[in-house]
Amino acid sequence: MHALFLAWQYLVFNKIRSLTLVACVTLIAVLPLSLEVLLDESERQLLSRAQSTPLLLGARGSALDLVMNALYFDDEVPELISMLAVDELLAMDLAEPVPLYTRFNARGFPIVGTTLDYFDFRGLKLAQGRQMAVLGEIVLGASVAESLNLKPGDNLLSSPQTVFDLAGIYPLKMKVVGVLERSHTPDDLAVFADVKTTWVIEGLGHGHQDVSQVTDETLIMQRSENGVVASPKLFQYNEITADNIDSFHFHGDAGEYPLTAVIVIPDDTRSSTILRGRYLEEAGMHQVVLPEKVIDGLLQNIFRIKNVLDAVIVLVGSATLLALVLVFALSLRLRQRELHTIFKLGCSRATITYLLAAEILIIGLIAAGLCAALLSVVDGYSSDLVRTLFIN
Amino acid sequence: MINIQSLEFHYPGNGFSLAIEQFDVAQGEKVAVIGPSGSGKTTLLNLAAGIIKSERGSLAVANTKIEQLSDAQRRDFRINNIGFVFQDFELIEYLNVMDNIIHPYRITRSLQLTPSVRQRAIQLAEKIGISDKLNRYANDLSQGEKQRVAICRALLPGPKLVFADEATGNLDPRNKDRILDLLFDNVAEHGATLLAVTHDHELLPRFDRVVDFLEFHTPGPA
């Protein structure tokens with residue numbers, strides 16, 4: 001007890017030296033441990049999501065971009081496919097397709113255009129409100145609702161793609177009708193809309209004044225028996241309401257409308273094998289990937305980088321430990337007079353060793369406490385940190 | 001109390017040597033040792049306290065042959081019998097005055113730090129005039145105050161022998177008398193012996209005996 005008291009007094013008296021030592025020891029410990037926590041969390045997040053998604057269909061190209069966008073709503077949009085891919089899958093009658101169109105965002109959160117099947121597939125449940133039913137309605141992930149402070153009945157604007165492009169994609173005011181329960185997955189950070197709503201955001205579908213009723217002739221470019229060609233001056237709605245929903249319509253062939261991916265839920269293992277075989281052909285426009293395999297490859301790369309980082313940390317840690325030993329050795333030299341005094345007062349060499357060991361113990365304990373506190377902070381934010389550092 | 005016969009010691013490397021043929025101090029005696037700087041007065045105290053070990057001769061303190069003791073035994077002997085006031089105070093800078101006074105109790109197993117020890121330390125500090133500085137750090141004290149703390153630390157265990165190496169060297173005349181009174185009171189109270197090294201000739205009449213170091217030892221190269 002006396003050794004601890006004296007060691008504490010010494011450390012308090014030499015505050016700057018003690019704090020520096022504590023900081024060094026804490027850093028040496030907290031860096032590799034934090035990395036371990038983050039990698040464990042990233043592995044958990046990435047793998048659990050990938051393992052729960054049997055197959056993904058998308059355009060040929062980067063399988064990683066496809067998986068990251070479809071599973072984690074990454075900003076990197078893969079090559080687009082069309083709704084025909086869904087029709088093809090339905091025609092095969094081997095799997096249930098869930099379309100995804102994840103290209104736009106609202107106030108920094110991805111808008112996921114999909115169908116109600118997605119919620120059943122992911123096991124997502126509503127915490128408030130109801131499911132989206134008509135065009136323009138959205139359901140929010142728990143984190144989105146929390147961070148934007150939105151609830152059913154509120155509105156959310158989709159973000160314009162290009163601020164200075166007048167011909168670009170304009171914001172659509174969407175109505176929040178439900179908020180999902182927290183799932184601790186990327187779904188918490190997403191805004192869900194019907195896939196048709198995302199097509200409206202893209203401009204493929206729109207609502208405007210009834211041109212047959214328009215009296216202002218400057219809004220009409222041409223009238224014929226086949227129809228009316230309106231001028232760009234014609235007012236288009238940027239919000240879908242009960243009053244104007246009937247005016248919303250889509251142009252062109254619905255089969256050509258874009259998707260970023262299709263989640264494919266095979267009926268059984270045999271169907272899965274057949275499907276994968278059908279999309280193996282390299283000349284084809286589509287690919288079917290096993291998300292788990294793609295993520296496993298990604299994790300291998302992450303762990304390779306981790307090994308390099310570990311080696312760097314070991315080197316830096318060793319250098320820091322050597323520096324700490326040097327600091328202690330120099331400190332002992334500076335304290336020779338004091339140690340000689342306590343020796344003359346009757347202190348044994350063993351007690352002097354206890355005193356020094358007590359100092360190291362106190363520094364170690366404080367550093368361990370700080371390390372534990374920092375790790376609990378890292379652990380608390382690991383989910384978000386992983387999404388920021390590894391997924392997005 | 002102290003009996004030295006044919007004692008020889010030298011510091012390796014620096015050429016200093018000490019040789020004392022015969023030196024005795026009786027129990028309860030108050031002896032002042034004078035002599036020029038570098039003549040070995042402090043070395044004599046360190047030898048008698050068992051801090052350093054003689055090479056030849058006999059050194060008995062309180063009927064214990066110091067040179068026959070192991071390092072640990074010399075340490076225990078010192079803790080239990082000798083109070084040492086060092087020449088340059090040797091206070092611990094990171095401890096306050098109170099903790100400096102009771103420091104020997106924290107670093108040795110032979111001495112037990114009890115509430116009564118603390119109480120005695122406070123009484124001693126009051127007696128010596130530093131009770132208002134018990135919470136101050138050593139670096140915040142004047143030279144005289146540091147010396148008084150060092151004296152308190154030496155006297156607290158109630159030693160049979162008090163070695164004082166220039167104990168009043170840094171004090172003003174009023175405090176010199178006060179410190180000497182305290183030392184002499186303690187010696188009388190415990191029937192202890194005082195062996196004090198001093199350069200201050202004004203104080204010599206207060207001692208029972210004065211030993212001029214040059215008269216009884218033979219300094220010379222090793």
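The model is predicted: local features need pLDDT of at least 70, side-chain atom pairs count only at pLDDT 80 or more, and totals for chains, interfaces and linings use all residues. Residues are numbered from 1 along each chain as its sequence is written, and chains are lettered from A in the order in which they are written.

Select the open sheet of chain B. Its 5 strands run in the order E6-E7-E8-E3-E9, with parallel pairing (strands are DSSP runs of at least two residues, helices H or I runs of at least four; strands pair if DSSP finds at least two bridges between them). The edges are E6 (82–85) and E9 (209–212) of chain B. Twist averages 15° from one strand to the next.

Zoom to E6(B) and E7 (residues 161–165) of chain B. They run parallel, joined by 4 bridges. Phe84(B) has Phe163(B) in E7(B) as its bridge partner.

Stay on Phe163(B). Beyond four places in sequence, its contacts (C-beta atoms, placed from the backbone, within 7 Å) include Leu45(B), Ile82(B) and Leu195(B).

Of its 71 residues, Cys152(B), Phe163(B) and Leu195(B) touch the most other members. Helix H6 (residues 143–155) of chain B gives the most, with 6 residues.

Finish at Ile302(A), in helix H9 (residues 291–334) of chain A. Ile302(A) is partly exposed because 17 other C-beta atoms lie within 10 Å.

How values were computed
A nonpolar core is a set of buried Ala, Val, Leu, Ile, Met, Phe, Trp, Tyr and Cys residues joined through C-beta atoms within 7 Å. A residue is buried if 20 or more other C-beta atoms lie within 10 Å of its own, exposed if 12 or fewer, and partly exposed in between; C-beta atoms are placed from the backbone. Two residues are in contact if their C-beta atoms, placed from the backbone, lie within 7 Å. Axes are lines fitted to C-alpha atoms, for helices over the stretch in contact, and angles run from 0 to 180 degrees between N-to-C directions.
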